[in-house]
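Hi,

Here is the structure I said I'd pass on.

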Amino acid sequence: MFTIEHEFDATVVTLVDEGQAHLQEDVTITAFAECITVEQLDPRTEEVQTITLSMAQVRELAVALDLPEGVYRLAGEEAGRD
């Protein structure tokens, strides 16, 4: 299950783990114009862990999900550019 909320400056998607065993904490993905954040509560420390991805990293992740093992660079992308 997931929810989608459109806020003033971002879109927020929350993924809820509804499986039977080994349930994980909810994952919240917030899409801003310049970056994406992924947050999840660490139940051991009771702290929210945050990962921030640039838009270039998000594009590469989307492409990588459909590729076999290997090293890749997207055509037309230069190092350091978004």
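Below is what I found, going from the overall fold down to single residues.

Some housekeeping first: this is a predicted model, so local features need pLDDT of at least 70 and side-chain atom pairs count only at pLDDT 80 or more, while totals for chains, interfaces and linings use all residues. Residues are numbered from 1 along each chain as its sequence is written, and side-chain values use heavy atoms, with hydrogens and water left out.

**Overall fold**

The protein has 1 helix and 5 strands, arranged along the sequence as β-β-β-β-β-α. Those are DSSP runs numbered from the N terminus (helices: H or I, at least four residues; strands: E, at least two). The radius of gyration is 15 Å, whereas a compact globule of 82 residues would come out near 12 Å; this is taken over C-alpha atoms, and the globule rule is 2.2 Å times the number of residues to the power 0.38. Along the principal axes, the C-alpha atoms fill a box of roughly 40 × 35 × 25 Å.

Among contacts with a separation of 6 or more, 4% are between residues 24 or more positions apart, a contact being heavy atoms within 4.5 Å.

**Charges**

There are 4 positive and 18 negative charges, and their mean positions lie 14 Å apart. Lys and Arg count as positive, Asp and Glu as negative, and His and the chain ends are not counted; each charge is placed at NZ of Lys, CZ of Arg, CG of Asp or CD of Glu.

How many salt bridges does a search of the whole structure find? The count is 1, using a side-chain nitrogen of Lys or Arg within 4 Å of a carboxyl oxygen of Asp or Glu. The partners are aspartate 42 and arginine 44, with their closest N and O atoms 3.1 Å apart. Aspartate 42 is buried at 12% relative accessibility, while arginine 44 is exposed at 74%.

Threonine 37 sits in strand S4 (residues 35-42) and is buried, at 11% relative accessible area. Beyond four places in sequence, threonine 37 touches Thr28, Ile29, Thr30, Phe32, Thr50, Ile51 and Thr52.

Glutamate 46 is in the loop between S4 and strand S5 (47-54). Its phi is near 60 degrees, a positive value in a non-glycine residue, and glutamate 46 is exposed at 57%.

Cheers

How values were computed:
Buried means under 20% relative accessible area, exposed over 50%, partly exposed in between (1.4 Å probe, protein chains only).
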